[in-house]
Amino acid sequence: QVQLVESGGGSVQTGGSLRLSCTASGSVLSVFMFYNMGWYRQAPGKQRELVATLQRGGTTDYADSVKGRFTISRDNAKTTAYLQMNSLNPDDTAVYYCRAFFGSFELWGQGTQVIVSS
């Protein structure tokens, strides 16, 4: 059974950086490259929102609020997707979730907390 596990969350001050990782476990090495990957976040009292996506062909898409600060990437050999987050501010405080999707297939991780203090 495929699972996604996020890591790398934590508490930082405004202006700091974090790198989130999302590792797929299970028998996925041969198929991970076919997954599109995405990062989403949900702040307290708000709906979950898209942060960034990385299509299997390499196309990326970012929310306007994170453009120029966040970078999504992947390492297929490690079955891992990353979200490099720079110049963090308190508005980035949220639980961050990764998502793998392809056709009708969809899988979410359990989330990792990011807290940015001023």
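Tutor: From the N terminus on, the elements run β-β-β-β-β-β-β-β-β-β-β, that is, eleven strands and zero helices, where strands are DSSP runs of E of at least two residues and helices runs of H or I of at least four. The model is predicted: local features need pLDDT of at least 70, side-chain atom pairs count only at pLDDT 80 or more, and totals for chains, interfaces and linings use all residues. Residues are numbered from 1 along each chain as its sequence is written, and side-chain values use heavy atoms, without hydrogens or water.

The structure holds three aromatic pairs; rings of Phe, Tyr and Trp (its six-membered ring) pair if their centres lie within 6.5 Å, with planes under 30 degrees apart called stacked, over 60 edge-to-face and the rest tilted. Phenylalanine 32 and tyrosine 35 are edge-to-face, at 6.0 Å centre to centre and 70 degrees between the planes. Tyrosine 35 is also stacked with phenylalanine 105, at 5.1 Å and 20 degrees. This second pair links distant parts of the chain, 70 residues apart: tyrosine 35 is in the loop between strand 3 (18-25) and strand 4 (36-42), phenylalanine 105 in strand 10 (residues 105-108).

Phenylalanine 32 is buried at 0% relative accessible area, and tyrosine 35 is buried at 8%. Phenylalanine 105, at 30%, is partly exposed. Buried means under 20%, exposed over 50%, and partly exposed in between, with a 1.4 Å probe and protein chains only. Of the 118 residues of the chain, 42% count as buried.
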